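Colleague: Before I use this model, I would like to ask what stands behind the terms. Please show it first.

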Amino acid sequence: MPVTTIAGREVHVDDEGFLTVYDEWDDDLAKQLAVQIGIDLTAEHWKAIRFLRADYVAQGETPTLRRVSVVGGIPTKDLFVLFPKKPAKKMAYIAGLPKPRGCV
Amino acid sequence: MKRLLVLGAGTAGTMAANRLRRRLDRSEWEILVVDHSDRHYYQPGYLFVPFGGYAPDEIVKPRAPSIADGVRLVYGEIDAVHADEREVILGSGRRLRYDYLVIATGVEPRPDQTPGLLDGGQWRQSIFDFYTYDGAVALAGALRRFTRGRLVVHIVDMPIKCPVAPLEFSFLADDYFCRRGIRDRVELVYVTPLSGAFTQPVASRRLGAMLDERTIAVETDFMVERVEDRALISYDERKIDFDLLVTVPLNMGAEYVARSGLGNELNLVPVDRHTLLSKAYPDIFALGDASDIPTSKAGSAAHFSVDVFVDNFQRYIRGEPMTGSFDGHANCFVESGRGKGLLLDFNYDTEPLPGRYPLPGVGPFSLLKESTANHWGKLAFRWTYWNVLLPGRPLPLPAHMSMTGKHRDAQIEE
C-alpha cells in the first residue's frame, strides 16, 4: 500500500491516490486533496463531503451519486457543478473514501 | 406447520423454493411462492429478439410447471410486507403469514424515472428498450425499418440487470447491419455512465478494444438528466442526438419493498453480502436481483447464491450458524457477433480475467476471448435454464469461483 505525503503528513493511498485509512482524513487534508484536483471548497462542497463521510460509516461503502441526491438531498445537477465531470469520484477523493465501486 | 414464503417466482425464487422443497420436511414446512404473472420469461433470450432470434415459445413458458410439487403457487400483486407482524399483504387484501420470508422480486426497468424518456412522445417511436419482452419485440420492428442514421445504445445508471447486455447488443447491432449491407450508413454510439466500456479494468480494456474494432464510438461518464425530443442531455449539459435510441432505463426493485420500508434508494433490500440475510430483520432474506449485493444482477449470481443459501437456510432454522459464504461469484457468456462469444467469470474480489474455464465433458471455454464455443455455450444455456436450473437439478458448476485456469497478470492481446 503506497504512502504519500499530503498537507505535511503521511497518509496511505491506493494506486489512484484515494485514501485507504478512514481516520487519516481531516478537514485540512480535504482542502489539500481538493486543491490537487482544482477545486476550491465552499460550504456546498462541505455539505456533500460531510454526507459522504457519515454515510460511509453507516453503510460501509462510498455512496453513489444517486444516493447522495436521494438520501443526502443534494441534486445531481448541483453535484456536477460542484465537482465537474466526475462528481462521484471527485467527492470520494476529497472525502478520503475508496473510489466508488462500479457495480459489475 | 411452519411457513417459508417466497415473493417472486423468477430465477432466484423458483430455484430456492424448488430446492428447499426437497430439503425441508413436508410435515413440518409449507412453502408458498407469490407471483403476479402466470408466465415465466427467459430473460437472457431478450437480447436476441430484436435481431430476429428466438420464437416467443422459446423464451416464454407457463409459470406453473416450473414450480415443484409440494410448493404452493399463489398469484397476486404484493401490496406490502409487515415485517414486524411477519405477514405479507396482497393487492386483493389477502394476508399471508410467514415464519421466514424470501424477497426475490428482482428489479425492473423504470423509464418513468428519466424525464422525457417515457413521456417525451418518442417512447416506442424512436426510443426502445430490450429488457422487457414487449420492448424487445417492438425493437425488432424498429431495427427492420432502420436504414440509415445514428443508433445510440445507452445506459441510464448502474446497477443494471446483466451489465454486459448493452455491449452485446452493440456488437450484435454491428453484425446485423453488416449482414444487411448498410453498416456504412449506420453510426453506432455507446453511451455509458461508467468511465469505460465496463467496470472492471481488464475486461473494460478488452471490451473497449472490441468496440473500437467495430467502429462503435463510446461516450463515457455520461449521466443522463433528461431526454428532449431526439437527444440525450446529461447533467453537465452534453447533448447526444439520436435517430434510434436503445436505452437501458434505471433498474429499481419493486415498489412494495419501498412501501414496506425494506429498501434503499433503489428499492433494493440491504443484506449481508455473504449470507443474503436482511440487515434489518432476522427472518427475511433477499435473493437474486432484489438485494443490494455488489455483484452482477444476473441469473448466474442468483444461481450460485441460491446454492449457498439453501445449505445455510437448513442450518439457520435449526439455530446453527450459517457456515456457507457467498463470494459474489457470477459468470456469463458475452455474445460478440459473427457467431462468437466471450466468457467472463468473477466474484466480489476477483475481476474477470483471461484464461480457460474448465468444465468436465464440454469445456474448457476460453475466458475473456472470442470463440465459437462460447457462442454455442450461450445458446445451449437456454436449455439448461429450463431443464436443469429452474427445477433445481444439480449443475456441475462450483458455487465458489476458482482461480484454476485464470491468468492473474496476463496481458491480453489487443
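**Terms and values**

Modeller: The largest nonpolar core has 131 residues, and those with the most contacts inside it are V6(B), A16(B), V102(B), I103(B), F130(B) and L287(B). This is a predicted model, in which local features need pLDDT of at least 70 and side-chain atom pairs count only at pLDDT 80 or more, while totals for chains, interfaces and linings use all residues. Residues are numbered from 1 along each chain as its sequence is written, and chains are lettered from A and ligands numbered from 1 in the order in which they are written.

Colleague: What makes a set of residues a nonpolar core?

Modeller: Its members are buried Ala, Val, Leu, Ile, Met, Phe, Trp, Tyr and Cys residues joined through C-beta atoms within 7 Å. Buried means that 20 or more other C-beta atoms, placed from the backbone, lie within 10 Å of the residue's own.

Colleague: Which residues does L287(B) touch?

Modeller: Not counting residues up to four places away in sequence, they include A12(B), A16(B), V102(B), L276(B) and F309(B). Two residues are in contact if their C-beta atoms, placed from the backbone, lie within 7 Å.

Colleague: How many residues of chain B are in contact with chain A?

Modeller: 17 residues of chain B contact 15 residues of chain A. The chain B side has 8 nonpolar, 4 polar and 5 charged residues.

Colleague: Why does the radius of gyration of chain A agree with a compact globule?

Modeller: For 104 residues the rule (2.2 Å times the number of residues to the power 0.38, over C-alpha atoms) gives a value near 13 Å, and chain A has 13 Å, so the two agree. Buried residues make up 28% of chain A.

Note on methods. Nonpolar A, V, L, I, M, F, W, Y, C, P; charged D, E, K, R; others polar. Buried ≥ 20, exposed ≤ 12 C-beta atoms within 10 Å, placed from the backbone.
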